[in-house]
Amino acid sequence: MTDEPKDWLEAELLETLDEDYEIELEDAVLSEEIRRIYREKRPDQMDRKLYFRELLRLQTELIKLQDWVAHTKEKVVVIFEGRDSAGKGGAIKRISQRLNPRVVRTVALPAPSDREKTQWYFQRYVPHLPAGGEIVLFDRSWYNRAGVERVMGFATEDQVDQFFQDVPEFERMLVRSGIRLVKYWFSITDEEQQLRFLMRIHDPLKQWKLSPMDLQSRVRWEAYTKAKEDMLEHTNIPEAPWYIVEANDKKRARLNCMSHLLSLIPYTDVEHEDVTLPDRVFNPDYERDVLPRDLYVPQRY
């Protein structure tokens with residue numbers, strides 16, 4: 001009997017690690033050729049045990065950050081930008097994995113509707129900004145105007161010029177209102193993007209990530225590079241500077257981004273009242289009803 005609590009705890013911890021492992025199984029269905037190419041291009045892979053150890057350590061610190069934000073009613077916005085397949089979504093997933101979705105939420109807006117196209121450009125983003133005690137992670141943001149909209153011809157050069165004039169003051173307004181605004185650009189090489197696109201093409205679990213727009217980003221690599229350079233030049237302001245994450249190595253990019261984000265915010269431990277599990281109240285007159293079997297999900301595993 002003395003080993004039962006330990007066995008139960010170990011089972012719970014293993015289940016937590018299994019969840020991490022499932023998330024990491026992104027390359028599970030790949031052809032041998034793609035596996036060979038990937039191994040050749042990635043000879044210096046980060047040790048898996050070290051990666052998981054650091055990931056769990058940083059996620060523990062993110063929980064402390066979340067508690068501090070909720071306790072102090074701080075407002076935090078983190079913007080994730082970068083080329084298609086640069087790893088933005090993977091970083092966001094690891095950041096938010098163990099956090100409370102009522103405190104930390106991800107915003108990934110679809111293409112604007114016909115009605116939204118007639119609005120003030122920033123209008124559709126404003127409702128998603130945080131209230132006190134919230135963190136918002138933008139998986140792409142108003143910087144679409146400087147990137148995909150410009151390169152793909154969805155915005156005119158006059159609209160882009162107006163954006164470059166407006167966005168610094170818009171972001172200064174956010175900062176003056178008490179929002180902590182952090183902006184990340186995930187940077188990958190031409191060769192790395194090509195490899196990741198090939199992996200998506202050959203992986204049934206990832207093919208949904210490929211859109212005609214993504215494929216065009218390969219054709220227009222240089223146009224996207226010029227657009228990125230213009231964006232950084234016009235919008236890297238002291239109140240909200242850009243931070244570039246070198247993202248050719250996904251695991252290191254996630255850890256570096258998480259560590260850097262934690263370093264930017266002066267969070268402290270928040271004291272919590274001790275939690276004790278109350279005794280259950282037993283009613284001797286209560287009898288549990290037997291439910292029909294057809295209400296249950298079939299046990300196939």
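User: Is the crossing of α7 and α10 left-handed or right-handed?
Analyst: In this predicted model, where local features need pLDDT of at least 70, side-chain atom pairs count only at pLDDT 80 or more, and totals for chains, interfaces and linings use all residues, the crossing of α7 and α10 is right-handed, meaning that the near helix is turned clockwise from the far one by less than a right angle. Residues are numbered from 1 along each chain as its sequence is written, and side-chain values use heavy atoms, with hydrogens and water left out.

User: And at what angle do the axes of α7 and α10 cross?
Analyst: The axes of α7, residues 157–176, and α10, residues 221–235, cross at roughly 50 degrees and come within 9 Å; helices here are DSSP runs of H or I with at least four residues, strands runs of E with at least two. The two helices are therefore oblique to each other, the class left over once angles under 35 degrees (roughly parallel), over 145 (roughly antiparallel) and 65 to 115 (roughly perpendicular) are taken out.

User: Which residues make the contact?
Analyst: On α7 the contact is made by F164, V167, P168 and E171, and on α10 by D230, M231, H234 and T235, with contact meaning heavy atoms within 4.5 Å. By class, that contact has 4 nonpolar, 2 polar and 2 charged residues.

User: F164 again: which aromatic pair does F164 form with F163?
Analyst: F163 and F164 form a tilted pair, with 5.9 Å centre to centre and 55 degrees between the planes; rings pair if their centres lie within 6.5 Å, and tilted is what remains between stacked (under 30 degrees) and edge-to-face (over 60). F163 is buried, with a relative accessible area of 2%, and F164 counts as buried at 7%, where buried means under 20%, exposed over 50% and partly exposed in between.

User: Which cluster do ring pairs build?
Analyst: Ring pairs link W120, Y121, F122, Y125, F138, W142, Y143, F163, F164, F170 and W242 into a cluster, and the structure holds 18 aromatic pairs.

User: What about Y51 and F52?
Analyst: Y51 and F52 form a tilted pair as well, at 5.5 Å centre to centre and 55 degrees between the planes. Y51 counts as buried at 0% relative accessibility, and F52 counts as buried at 13%.

User: New topic: where is Q123 found?
Analyst: Q123 is found in the loop between α5 (114–117) and β3 (134–139), and at 35% relative accessibility Q123 counts as partly exposed. The C-alpha atoms of Q123 and W142 are separated by 9.7 Å, the two residues being 19 residues apart along the chain.

Methods:
Axes are lines fitted to C-alpha atoms, for helices over the stretch in contact, and angles run from 0 to 180 degrees between N-to-C directions. Ala, Val, Leu, Ile, Met, Phe, Trp, Tyr, Cys and Pro count as nonpolar, Asp, Glu, Lys and Arg as charged, and the others, Gly among them, as polar. Rings of Phe, Tyr and Trp (its six-membered ring) pair if their centres lie within 6.5 Å; planes under 30 degrees apart count as stacked, over 60 as edge-to-face and the rest as tilted. Buried means under 20% relative accessible area, exposed over 50%, partly exposed in between (1.4 Å probe, protein chains only).
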